[in-house]
Amino acid sequence: MALGVAGETPGTRAARAHTAAGETPRWITLSFIALAVLAIDQALKESVRATFEPGEGIHLFGSYPIQHIQNPGVAGGGFEGRALPLAVLALLAMMLLYDFLARRGHARVPFLVGFGLLIGGGLGNLVDRARLDHVTDFIRNGPNAFNIADVAIFAGGVIVLVALIASLLRARMR
């Protein structure tokens with residue numbers, strides 16, 4: 001990677017150009033989405049922990065009761081006992097992804113939204129695992145339970161996948 005005067009990379013030059021033109025740098029949008037997901041996820045989990053003992057809950061609507069579940073595993077309770085190494089790998093992947101996207105000043109909005117959701121959701125579950133040694137799940141669906149971070153991760157993955165397919169189709173049509 002070529003460095004310009006004062007050690008700038010092409011990505012930082014592009015971000016500076018966007019800022020000079022009055023646009024918000026894309027990494028700020030990505031960060032805002034990730035931090036919003038993290039804040040909402042942590043607030044709802046704390047509310048569930050403060051209101052219900054583990055295993056307790058209430059049926060509010062539809063087929064999704066709210067129930068306090070302590071999940072020591074990942075992916076719906078799997079990999080129990082091996083969650084910490086997977087969490088460290090997830091953190092490393094998020095840091096690399098964030099660095100990559102922050103350098104790409106021209107990333108399309110769907111990618112920023114999708115990756116913001118992925119990073120925010122990943123951080124939400126990582127904070128739980130670091131603080132509590134388990135993830136607090138509270139949306140019950142039959143034998144499965146999940147939380148807002150899980151919803152964000154799923155939605156972010158779908159958005160990125162759709163955006164990637166659309167991008168590949170656009171490139172083929174040229």
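Which residues are buried in α2? In this predicted model, where local features need pLDDT of at least 70, side-chain atom pairs count only at pLDDT 80 or more and totals for chains, interfaces and linings use all residues, the buried residues of α2 are Leu30, Ser31, Ile33, Ala34, Val37, Leu38, Asp41, Gln42, Lys45, Val48 and Arg49. Residues are numbered from 1 along each chain as its sequence is written, and side-chain values use heavy atoms, with hydrogens and water left out. Buried here means under 20% relative accessible area, exposed means over 50%, and partly exposed lies in between, with a 1.4 Å probe and protein chains only.

The protein has 5 helices and 4 strands, which are DSSP runs numbered from the N terminus, a helix being H or I over at least four residues and a strand being E over at least two. Along the sequence these elements follow the pattern α-α-β-β-α-α-β-β-α. Of the 174 residues, 33% count as buried, and the protein exposes about 10400 Å², of which carbon and sulfur atoms supply 69%; accessible areas come from the Shrake-Rupley method with a 1.4 Å probe, and for residues only the protein chains shown count as cover. Among contacts (heavy atoms within 4.5 Å) between residues at least 6 apart in sequence, 68% join residues at least 24 apart.

The expected span of a helix is 1.5 Å times one less than its number of residues. For α2, residues 26–51, the 26 residues should span 38 Å, and the end C-alpha atoms are 38 Å apart, in agreement. Helix α4, residues 109–132, has 24 residues that should span 34 Å, which agrees with the 34 Å between its end C-alpha atoms. Helix α5, with 26 residues, reaches 37 Å from its first C-alpha to its last, close to the 38 Å expected. In α5, Ala149, Ala152, Gly156, Val160 and Ala163 are buried, and what covers the buried residues of this helix includes α2 and α4.

Leaving aside residues up to four places away in sequence, Ala163 touches Pro110 and Phe111.

Helix α4 is followed by Asp133, which is found in the loop between α4 and β3 (135–141) and is exposed, with a relative accessible area of 62%. Phi of Asp133 is near 70°, a positive value in a residue other than glycine. Most residues other than glycine have a negative phi.

The loop between β1 (57–58) and β2 (66–71) holds Tyr64, which is partly exposed at a relative accessible area of 33%. His59 is found in the loop between β1 and β2 and is exposed, with a relative accessible area of 53%. His59 and Arg140 are 81 residues apart in sequence, while their C-alpha atoms are 9.6 Å apart in space.
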